[in-house]
Amino acid sequence: MHSNKSAPDAAPPARTGFRAWLNHRTGLDDLLRITLDEPIPGGARFAYIFGSGLLFIFISQVITGIFLALYYVPSADHAHTTVAYITKAVTAGSFLRSLHAYGASAMVVVLFLHLSQTYIYGSYKGRRELLWLSGCMLFGLVLAMAFTGYLLPWDQRAYFATAVGTNAVSEVPWIGESIKRMMRGGTEMGTLTISRFFVAHVFFVPALIFALLASHIFLFRKAGAAGPVSEDPYHPKQKAEPFYPRQVLMDLSLTALLIAGLGLLCFFVPMKLGPPANPADAQYIPRPEWYYLPIFQWLKYWHGSAAIVGVLVIPTIIVMAILALPFLDHSVERRPWRRPIAMVAYAFVVLALLGLGLRSQYLDRHDPSVAQQLAKQKNEEDEYARKPFEPELSAASLAAANVTLADPLAAKGKTIFEANSCNACHGDGGVGTAAAPALIGVSAKLSPDQVAELFKHPTAKMTAGGMPPIDLPPDDFKALIAYVESLK
Amino acid sequence: MAESADRPGDADALPSLEDRRSFLGALLGLGSVFVGGLLSVPLIRFALFPLIRRTTELKSSPVGELNEFSSLAEPALKTIQIEQVDGWRKTISEKAVYVTKDSQGRLRVLSSICPHLGCTVPWNKEKNEFICPCHGATFAPDGSRVSGPSRRGMDTLETSVQDGQLQVRFQYFRQLVSDKEVIG
């Protein structure tokens, strides 16, 4: 009846039902408002789409990575089999693995675009040092993910590329050799290397990425969007437009492009798995993934005492210069055409990377022996990819088969063991039954002489269990002992 | 600006910015659900692979040519190779089985594992019986129980014939019970 019952005009209209209940419990609406109403000085632009594109690929990598772990086993004797199982046997396995592998490349590409946009737009300026630093560290971590993930399939390509990669580290003076050993889990590449790379790839580095990603986004919102190049990085003056809806739509267009591009690529050109790593293959020519080609080529130019310069000094200077950028460059100027030094430096680095990568490709193509070997390797990969999946023979079945092959005396003993019905109580292969204990592992506890003594004069306990003294011709007796000793 | 963030609810005559935003929001939500659903198809297929195909398999093992057993006078001991597929690995093991005939003269394959306590049962030619060396259970040539502690006869295995070859599926059975019961 009374109008003063209605809600005051100043308050936002109250929601009703489930949405109101949910918002009351979670504050979801506020969160959504904060996310979607992020002001963008100067309005939405396609130049700003790369950050959320990266976020999308990262989430895709996390999800596909978790699913791949359903079948993957990180050990030198199973890794390749399990990846072959994923690509050749499991439904949608080839597609998912391709999505994860190509996703890594897509990540590097979009990361480069994101970094370039930030650099060219001078968006690192205006109290954004920590934002820039966290971004640089994320770049490093993404490259670390690519490096550690590359080894996990344990095929020829993965094995040799990582062997070269870890070898390069040992060029660092004083501590290089130790770092290499730490990375490999020993002096050589092996099953411990896989364990280490696996733990780095799925636990350690992702944890760092999650933490740094959170701080990167937090610092970004704290500093605010930098806006166009004409904007003041400290005190934005241009009219702001909220993130939603136009910028969201622009961001989504990149996401849609990534989904379509990666989806088509994975469907029509699935990632290949090569033959299993063969460390003894002395002819294999290792080549890293494309984004590591410039570094690979660069390292070729530095040998002997000069290696320190190429492997350590110059890269350190470049990395330090990149990290220190927002601390060194305090000018408010963001327009690229007014920052000639910065732009020349950028062009130089990009052209150098491009040049090194192309040079590496050129050299491979114009050295007949290298080109031939690389073609052969590609052939072997294609050939392996066409073969159907072959399950791995378990260790248990090999052990049983090997006895007959390894020692003829033990092989003879096996037939005696069976002919005298020893297996009736001690089980086939000495695995043991309810009636008598297993003989496997006896050799670790008893010497052949001790076994012979027990065969001739069983203990009271053995006799009570039904074990008769063994009376055989000396040769057969010896063979039987050899067989029992071989049961491991 | 702060109020304008509140999207659905106001049913004004003119389509306000709010309405357009909420319509777009709903459209985007629907689109995301659709694309998300599409993207999860390979994930679901990947995870449900064990429901789509067999991931574990006990293959049947060849025992020998059929005509080899046509004039079988007594149970013949045969060593078979059992191939067991377990996901991406397989185990090949050897087992001893007896090929014998049932009362109607049809081929029958027996596990050599005693249903009493699992000892390997040898064929005793003189007594024309299977006699378990552990606790003395005895079985007729066709595997049926004669005497001793075993509560059932020797276990028959599933057989099939493929291209004139006798095939058998080896399985383990629970011991100490009167009914044949597959383990695992």
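Two strands pair if DSSP finds at least two bridges between them. Keep that in mind for the sheet in chain B. This is a predicted model.

So, the sheet. In chain B, 4 strands form an open sheet, ordered β6-β7-β8-β9. The pairing is antiparallel. Which strands sit at the edges? They are β6 (123–124) and β9 (145–147) of chain B, each of which pairs on one side only. Strands β7 (residues 129–131) and β8 (residues 138–139) of chain B are antiparallel partners, with 2 bridges. Across that pairing, F130(B) stands opposite F139(B) of β8(B).

Now chain B as a whole. How many helices and strands does chain B have? There are 2 helices and 11 strands. Buried residues are 23% of the 184 in chain B. Take the contacts in chain B between residues at least 6 apart in sequence: 44% of them join residues at least 24 apart.

On to chain A. Here we have 21 helices and 3 strands. Why call chain A more spread out than a compact globule? Because its radius of gyration is 32 Å, well over the 23 Å that the globule rule gives for 488 residues. The box for the C-alpha atoms of chain A is roughly 105 × 85 × 45 Å, again along the principal axes. The assignment gives chain A a domain 1 (36–386) and a domain 2 (395–486). The C-alpha centres of those domains of chain A lie 58 Å apart. In chain A, 30% of the 488 residues are buried. Of the contacts in chain A between residues at least 6 apart in sequence, 77% join residues at least 24 apart.

Start with α4 (residues 79–88) of chain A. Is this helix mostly covered or mostly uncovered? Mostly covered: 9 of the 10 residues of α4 in chain A are buried. Among them are H80(A), Y85(A) and I86(A). The buried residues of α4(A) pack against α3 (50–68), α5 (93–120), α9 (191–223) and β3 of chain A. Next, helix α11 (residues 293–300) of chain A. Its buried residues include P294(A), F296(A), Q297(A) and W298(A). What do the buried residues of α11(A) pack against? The partners are α12 (307–328) and α13 (340–366) of chain A.

Last, the contact between the chains. It takes 34 residues from chain A and 33 residues from chain B. On the chain B side, α1 (17–47), α2 (49–52) and β4 (89–101) each supply at least two residues. By class, that side of chain B has 18 nonpolar, 6 polar and 9 charged residues. Strand β3 (residues 392–393) of chain A pairs with β4(B) in the parallel sense, over 2 bridges. Within it, L393(A) has K90(B) as its bridge partner in β4(B). Recall that β3 of chain A is also among the elements that the buried residues of α4(A) pack against.

Terms used:
Residues numbered from 1 in each chain as written. Chains lettered and ligands numbered in written order. Predicted model: local features only at pLDDT ≥ 70, side-chain atom pairs only at ≥ 80, totals over all residues. Contact = placed C-beta atoms within 7 Å. Nonpolar A, V, L, I, M, F, W, Y, C, P; charged D, E, K, R; others polar. Rg over C-alpha atoms; globule rule 2.2 N^0.38 Å. Buried ≥ 20, exposed ≤ 12 C-beta atoms within 10 Å, placed from the backbone. Domains from an automatic or database assignment.
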